[in-house]
Amino acid sequence: MMMSGCVSDNLYPELLTSGGKVRVVLPEWVDALVFDRYGATHNPAGRKRTFDSNLESDKAGVLTYLGTYFPRSLAETFVIFDSLLSDKNLASSLAYESSINICSVGTGTGGDLLGLILAINKWVPTAKQLNIVSIEGNTDAHEIMRGVIGEAQARTGKNIGLNLVNHVFVAPKPFGYIREFMPRHPQSFDFVISSKMLNELDKARVSEQPYYEFCSAFTAMLKPTGVLMALDVTSPNGAGGRWTPALLNGQVNEFLANRSQFKTILPLLCNRFEGGCGRDCYTQNAIYVNYRGVTNECSKICYRVIGSAELAEKLSGSVALWSCPITEDNRTHCLEFNGAD
């Protein structure tokens with residue numbers, strides 16, 4: 001149960017669902033890290049998007065992003081992987097790994113990465129070694145992320161190996177030569193994540209199909225039980241004002257139609273209907289985030305988590321996943337589910 005205040009002194013974010021809403025309270029130590037150590041500022045842009053190209057942000061812009069969107073990214077990714085790892089079968093399989101390997105694509109200041117690390121620490125406490133490959137083109141953001149991961153290591157007690165890859169994705173095939181700049185080790189990953197970066201490639205016309213190409217390139221690097229997450233904003237942020245959720249869902253559906261060995265894991269409703277859906281549909285999750293001086297700040301996202309068809313089938317009947325907060329929220333935003341018998 002969530003505390004009554006707007007901050008938590010726990011290690012992990014606290015979750016509460018009420019009235020169909022997913023609410024997240026961030027720990028006090030995250031506030032101290034973001035606002036006290038780094039002097040970040042909170043300045044939401046509202047409908048006026050000021051971070052459509054984070055690659056070009058200067059140090060001041062990075063600190064504004066850190067104080068405004070880092071908390072949201074942490075909350076979003078924690079909710080998704082807290083839900084996914086609540087299935088004991090998946091969590092127990094990770095517990096037998098000698099190390100858990102993570103690749104973060106377009107890491108930025110590392111909010112999504114921290115959310116994943118905390119979810120892993122919560123559900124796989126016996127895992128002692130995390131190996132992270134972080135790909136980011138903004139060196140100021142990458143340097144802050146290094147400090148964030150250092151704090152995560154101190155808080156969780158895990159040994160975290162961090163390999164920073166400073167790289168800018170360019171046209172016409174941004175993921176066509178990833179083996180040339182990726183470290184040799186690790187060669188396969190338990191988690192590959194990308195949060196709110198792929199829409200930038202579309203808007204800048206670096207790629208016409210960034211979600212399809214991302215899935216195609218990085219699923220090849222997954223372990224048999226590994227998962228890939230693509231998460232993005234829900235604004236008309238694509239090239240020509242196209243809606244990002246429609247681009248994400250359409251391109252992921254196209255990828256899965258051509259790769260029968262992979263399937264959607266989350267949202268579970270996409271897992272259930274994707275075979276006959278194929279829509280470039282608009283999906284959205286609204287997550288309400290509490291952190292220093294901010295109460296119920298609404299962050300709207302679309303996302304897909306995919307993995308092997310065998311793993312997806314195993315998880316599709318998970319009682320834990322069907323009852324988790326983010327699945328309950330998905331139920332209200334799926335045309336197929338609401339129209340199904």
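1. Glu297 counts as buried because its relative accessibility is 10% (buried means under 20% relative accessible area, exposed over 50%, partly exposed in between, with a 1.4 Å probe and protein chains only). This is a predicted model, in which local features need pLDDT of at least 70 and side-chain atom pairs count only at pLDDT 80 or more, while totals for chains, interfaces and linings use all residues. Residues are numbered from 1 along each chain as its sequence is written, and side-chain values use heavy atoms, with hydrogens and water left out.

2. Glu297 sits in strand β10, residues 294-308 (helices, H or I, of at least four residues and strands, E, of at least two are DSSP runs numbered from the N terminus). Leaving aside residues up to four places away in sequence, Glu297 touches His42, Pro44, Thr68, Arg72, Ile287, Tyr288, Val289 and Tyr291 (contact means heavy atoms within 4.5 Å). Ile287 is 10 residues from Glu297 along the chain, with 8.0 Å between their C-alpha atoms.

3. The side chains of Glu297 and Tyr291 are joined by a polar contact of 2.5 Å. A polar contact is a pair of N or O atoms within 3.5 Å; within protein, one must be able to donate a hydrogen and the other to accept it, and residues adjacent in sequence count only if both atoms are side-chain atoms.

4. The axes of helix α5 (residues 111-123) and helix α6 (residues 139-156) come within 10 Å and cross at roughly 15° (axes are lines fitted to C-alpha atoms, for helices over the stretch in contact, and angles run from 0 to 180 degrees between N-to-C directions). α5 is therefore roughly parallel to α6 (angles under 35 degrees count as roughly parallel, over 145 as roughly antiparallel, 65 to 115 as roughly perpendicular and the rest as oblique). On the α5 side the contact is made by Leu113, Leu114, Ile117, Leu118 and Asn121, and on the α6 side by Met145, Val148, Ile149, Ala152 and Thr156.

5. Which residues of helix α1 (residues 28-37) are buried? They are Trp29, Val30, Asp31, Leu33, Val34 and Phe35. Their cover includes α2 (59-68), α3 (70-85), α5, α6 and β9 (285-291). After α1 comes Gly39, with a positive phi near 65°.

6. Asp58 lies in the loop between α1 and α2. Asp58 counts as exposed because its relative accessibility is 51%. A polar atom of the Asp58 side chain lies 2.8 Å from the backbone nitrogen of Gly61.
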